Amino acid sequence: MAVKMIQAVIRPEKLDGVMNALEEKGLVALTVTNVRGRGEQRGIALEFRGMVTRVELLPKVKIELVVRDDEVDPAIQAIRASAKTGNIGDGKIFVLPVEMVGKVRTEEVWR
Ligand SMILES: Nc1ncnc2c1ncn2[C@@H]1O[C@H](COP(=O)(O)OP(=O)(O)OP(=O)(O)O)[C@@H](O)[C@H]1O
Ligand SMILES: [Mg+2]
């Protein structure tokens with residue numbers, strides 16, 4: 001069974017909604033990490049009392065889930081639909097090949 005890792009970097013406030021949307025597709029196992037990042041706009045410029053400061057790295061949440069090949073498209077659709085605001089900074093989705101998944105408790109192996 002071929003598997004892929006999906007990494008999605010999203011807005012932190014969208015995490016609950018994205019997890020619910022993935023669960024509706026039967027995808028429950030995942031890892032969540034608080035990260036900082038920047039995209040094409042290189043962070044954001046903030047203006048306060050005439051002073052412009054650039055915030056180079058914005059807080060984001062990274063979701064990682066390893067799924068079967070046939071679950072990749074449903075997962076991407078679920079993430080897109082639930083994480084989108086339509087504004088810049090909504091996030092990014094990456095799909096990576098996975099060599100092997102081994103469960104610790106049993107001898108179960110996916111490749
Ligand atoms: N090429 C990339 N490589 C690694 N991480 C990225 C990349 N692009 C975006 N990210 C991560 O995704 C987060 C959100 O990116 P963002 O949504 O701003 O992407 P974007 O390409 O600038 O899209 P948009 O134009 O909609 O803002 C970034 O803070 C960063 O953590
Ligand atoms: Mg951006």
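Student: How far is an oxygen atom of ligand 1 from a polar backbone atom of Glu40?
Tutor: This is a predicted model. Glu40 is among the closest of the residues around ligand 1. Its polar backbone atom and an oxygen atom of the ligand are separated by 2.7 Å.

Student: What share of ligand 1 does the protein bury?
Tutor: Gly91 also has a polar backbone atom 2.7 Å from an oxygen atom of ligand 1. Taken alone, the ligand exposes 610 Å². Of that area, the protein buries 69%.

Student: Which strand gives the largest share of the shell around ligand 1?
Tutor: The shell holds 13 residues. Three of them come from one strand, covering residues 91–97. That strand is β6.

Student: How many charged residues are in the shell around ligand 1?
Tutor: Sort the shell by class. Three residues are nonpolar and five are polar. The charged residues number five.

Student: Which pocket does ligand 1 take up?
Tutor: Gly37 is among the closest residues here. One of its backbone N or O atoms lies 3.2 Å from an oxygen atom of ligand 1. The space the ligand takes is the largest pocket.

Student: How many residues apart are Asp69 and Lys4?
Tutor: The model has six salt bridges. In one of them, the side chains of Asp69 and Lys4 meet at 3.0 Å, N to O. Asp69 is in the loop between β5 and α2, while Lys4 is in strand β1. The pair links distant parts of the chain, and the separation is 65 residues.

Technical notes:
Residues numbered from 1 in each chain as written. Chains lettered and ligands numbered in written order. Predicted model: local features only at pLDDT ≥ 70, side-chain atom pairs only at ≥ 80, totals over all residues. Heavy atoms only, no water. Near = heavy atom within 4 Å. Polar contact = N/O pair within 3.5 Å; in protein donor to acceptor, adjacent residues only side chain to side chain. Areas by Shrake-Rupley, 256 points an atom, 1.4 Å probe, with all protein chains shown as cover. 1 Å grid on protein atoms, 1.4 Å probe; cavity = no way out; pocket = protein on both sides within 12 Å on 5 of 7 lines; lining within 4 Å. Sits in = over half its atoms within 2 Å of the grid points. Helix = DSSP H or I, 4+ residues; strand = E, 2+ residues; numbered from the N terminus. Nonpolar A, V, L, I, M, F, W, Y, C, P; charged D, E, K, R; others polar. Salt bridge = Lys/Arg side-chain N within 4 Å of Asp/Glu carboxyl O.
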